[in-house]
Amino acid sequence: MTTRIVELRRGILKKNDELAAALRNRFSSSGVLVLNLVSSPGTGKTTLLERTLRELRARGSRVAAVVGDLETDNDARRLASSGAPVRQINTHGICHLDAEMVGKHIDEWQSLDLAGLDYLFIENVGNLVCPSSYDLGERIRVVLLSVTEGEDKPLKYPGLFNSADAAIITKIDIAEPCGFDREQAIQNINEIRPGIRIFETSARTGQGMDEWVKYLASQRASQQVSKSAS
Amino acid sequence: MHELSIATSIVESVTETAAAYPHARVLEVRLRVGALASVVEDSLQFCWTIVTEDTPLAGSKLVVRTLPIIVHCVNCNSDSELSGVQNFHCPHCGHIAADFRQGRELEIESIEIEEPDSVQPAATLPEKVEEAS
C-alpha cells in the first residue's frame, strides 16, 4: 500500500458560489436590484420589509419579496398585505437560505417576471451566523440590528456584520426605554465594517424610512448605470 | 448549525475527486478554515462521522487547519495577523482595520489516499483547481 496526497484547493461552498454568481448575472441583466436581509430572529425584518414594500409601491416601484423561514407562511402572508407578490421558502430546519433554494423558487414562481421588477427583497432565515457564508446572488446584503438586542451584537457576530453592505438599526422609536446606546452601537458596527452605510429606522412610526427608501432608489440607479456601461 | 450542510458539501466534493482513484481509500481530508468562516470544528467533526457513514469516506479523518485573520491596514499600509475576532485594529498603528486578507476561507486543501501497490496510477488526474481567492 502506498499513500499519497492529492491537492484539491477547492472552496467547500463552490457550488453555492457558482449558482449565486449565475443568479447575480440573471438579476443584473433583468435590471432588478436584489437585496438580502439578514438578522437574528425578532429584529424586525418582516415589519421593516412590509413597510418598505408599501413605500416603494406608493412611489410607483415594482417590488417583490422572497421570505425564508424554517416553518409557516406567516411572514409571506404579512408581506403580501402590502400588495406585493411574495413567495415563502420553508427550509424545514435549515438555518439559512442558499443560492439553490432561491434559484429554484424563482424558477417555479411562474407569475414572477424578473424583468418587470425594480426591486426583489430576500428575507433570510433569522440567524446571525450561517447566512454569512451563503451568497444568494444579491447585490446588497443588509444586516439589521434592533435596539432591544444590545450594542455589542456586531462584536459578537463579526462574520456576518463584516459581510454586509448596509446596516439598519431597527425599532429606533423605543431606543430610549431600552437604554440603547446609539453611539456605541454605531461605533461597534463601524469597527467591524468601517465606512458601512448605517440607517436608523422605525417601521412603526416611519422614522428613517425616507432615507432608507432614497438609498434603495440610488442603489438601483447606480446598478442601471453600471449595467448600461457594461 | 450549518456544519451539517458543510459536511455534506465536503463529502460530495471529495467523492467526486476520489472517483479518479477507484482502488484507493481516503484516509484523510484536510481543510483550511478561516477564523471568520463561522464554522465550529467540534460540530463539523460530529457531522463528519454521520455523513460519511456508508460512503467510501467512512472512517476517514477530517483535519481542520484554522487560519487566523490577516487584515490590511490602509493607514500604515501593512498586513498583520489578528489575535482574535474581536479587535479589528491594526496591531502596528491602532487604526481600524477590517479589510480582511485572510480569515474567510472555507476550502478543502487536499486528501490523503491509500492505494494498493499493484494498481497503475490513474490515467486522468483530477482537474487542477485554481486557488480560491
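# Briefing on chains A and B

Along its sequence, chain B follows the pattern α-β-α-β-β-β-β-β. That comes to 2 helices and 6 strands in chain B. The model is predicted.

**Chain B**

- Strand 1 (residues 25-34) and strand 2 (residues 61-67) of chain B run parallel and are joined by 7 bridges.
- Within this pairing, B:L31 has B:V64 of strand 2 of chain B as its bridge partner.
- Helix 2 (residues 41-52) of chain B belongs with strand 1 and strand 2 of chain B to a right-handed β-α-β unit.
- Chain B has 133 residues, of which 35% are buried.
- Of the contacts in chain B between residues at least 6 apart in sequence, 72% join residues at least 24 apart.

**Helix 1 of chain A**

- Helix 1 of chain A covers residues 14-30, which is 17 residues. From its first C-alpha to its last, helix 1 of chain A reaches 24 Å, close to the 24 Å expected at 1.5 Å a residue.
- Its buried residues are A:N16, A:L19, A:A20, A:L23 and A:F27. Seen down the axis of helix 1 of chain A, these buried residues fall within an arc of 100 degrees, so they line one face of the helix.

**Contact between chains A and B**

- Chain A brings 29 residues to the contact, and chain B brings 33 residues.
- On the side of chain A that touches chain B, strand 1 (2-11), helix 6 (158-163) and helix 7 (182-192) of chain A each supply at least two residues. Strand 1 of chain A gives the most to this side, with 10 residues.
- By class, the side of chain A that touches chain B holds 14 nonpolar, 8 polar and 7 charged residues.
- Strand 1 of chain A is also joined to strand 6 (residues 106-115) of chain B by 8 bridges, and the two strands run antiparallel.
- In strand 6 of chain B, B:I108 stands opposite A:R10.

Note on methods: Residues are numbered from 1 along each chain as its sequence is written. Chains are lettered from A and ligands numbered from 1 in the order in which they are written. This is a predicted model: local features need pLDDT of at least 70, side-chain atom pairs count only at pLDDT 80 or more; totals for chains, interfaces and linings use all residues. Helices (H or I, at least four residues) and strands (E, at least two) are DSSP runs, numbered from the N terminus. The expected span of a helix is 1.5 Å times one less than its number of residues. A residue is buried if 20 or more other C-beta atoms lie within 10 Å of its own, exposed if 12 or fewer, and partly exposed in between; C-beta atoms are placed from the backbone. The arc is that of the directions from the helix axis to the C-beta atoms. Two strands pair if DSSP finds at least two bridges between them. A crossover is right-handed if, with the strands pointing away from the viewer, the path from the first strand over the helix to the second runs clockwise. Two residues are in contact if their C-beta atoms, placed from the backbone, lie within 7 Å. Ala, Val, Leu, Ile, Met, Phe, Trp, Tyr, Cys and Pro count as nonpolar, Asp, Glu, Lys and Arg as charged, and the others, Gly among them, as polar.
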